[in-house]
Amino acid sequence: MNKDSLGIIVLLFIIGGILFCTHQRDKDFIENLSYTKGKITDYYNVGGKKYIQYTFHVKGKKYIGESRVSVFKCSDGTEGCVGKVFKILYSSKSPDNNDIFLDQYQKYKFIRTRLY
């Protein structure tokens, strides 16, 4: 076996591992889906891309999530709806595995396709 073949095999194992972990995370999210309310706390740029940061509580513990969005304002003019409350979906087994549902502003959110 030459170096190129070995490199390709290692790369395939790495990609397979990433896909497996992503699938397990998505499966956990769906099988243990729960929800609560959370508040958008920040709207910021990273490398020319917009993000919102939100916080929510599960069993008395505070969690912080973030989601990539395009430029948007709430109907009252608040950029990124900072300070507004929205539904947070999360895994009851692992609340760090979460997502925000932006109601009528969902069209401004970049949706990550889950593998299920």
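Leaving aside neighbours within four places in sequence, Thr 55 is in contact with Gly 38, Lys 39, Thr 41, Lys 62, Tyr 63 and Ile 64. Contact here means heavy atoms within 4.5 Å. Thr 55 sits in strand E2, residues 49–58. Its relative accessibility is 14%, so Thr 55 counts as buried. Buried means under 20% relative accessible area, exposed over 50%, and partly exposed in between, with a 1.4 Å probe and protein chains only.

The model is predicted: local features need pLDDT of at least 70, side-chain atom pairs count only at pLDDT 80 or more, and totals for chains, interfaces and linings use all residues. Residues are numbered from 1 along each chain as its sequence is written, and side-chain values use heavy atoms, with hydrogens and water left out.

**The chain as a whole**

The protein chain has one helix and five strands. Their order along the sequence is α-β-β-β-β-β. These elements are DSSP runs, numbered from the N terminus: helices are H or I with at least four residues, strands are E with at least two.

The radius of gyration of the protein chain is 18 Å, whereas a compact globule of 116 residues would have one near 13 Å. That radius is taken over C-alpha atoms, and the globule rule is 2.2 Å times the number of residues to the power 0.38. Along its principal axes, the C-alpha trace spans about 65 × 35 × 20 Å.

Of the 116 residues, 31% count as buried. Among contacts between residues at least 6 apart in sequence, 54% join residues at least 24 apart. The accessible surface comes to about 7800 Å², and 56% of it belongs to carbon and sulfur atoms. Areas come from the Shrake-Rupley method with a 1.4 Å probe.

The protein chain carries 19 positive and 11 negative side chains, and the centres of the two sets lie 2 Å apart. Lys and Arg count as positive, Asp and Glu as negative; His and the chain ends are not counted.

**Aromatic pairs**

How many aromatic pairs are there? The count comes to eight. Rings of Phe, Tyr and Trp (its six-membered ring) pair if their centres lie within 6.5 Å; planes under 30 degrees apart count as stacked, over 60 as edge-to-face and the rest as tilted.

| Pair | Centre distance | Plane angle | Class |
|---|---|---|---|
| Phe 72 and Tyr 105 | 5.9 Å | 35 degrees | tilted |
| Phe 86 and Tyr 105 | 6.4 Å | 85 degrees | edge-to-face |

Phe 72 lies in the loop between strand E3 (61–69) and strand E4 (85–91), and Tyr 105 in the segment after strand E5 (98–101), so their pair ties together parts 33 residues apart in sequence. Phe 86 lies in strand E4, so its pair with Tyr 105 ties together parts 19 residues apart in sequence.

Phe 72 and Tyr 105 are both buried. Tyr 105 has a relative accessible area of 9%. Phe 86 is buried too, at 4% relative accessibility. One aromatic cluster is formed by Tyr 43, Phe 72, Phe 86, Tyr 105 and Tyr 108.

**Gly 80**

Gly 80 is found in the loop between E3 and E4. Is Gly 80 buried or exposed? At 0% relative accessibility, Gly 80 counts as buried. Not counting residues up to four places away in sequence, Gly 80 touches Ile 40, Tyr 43, Ile 52, Phe 72 and Lys 73. Gly 80 and Ser 70 are ten residues apart along the chain, and their C-alpha atoms are separated by 9.0 Å.

Key: Charge placed at Lys NZ, Arg CZ, Asp CG, Glu CD.
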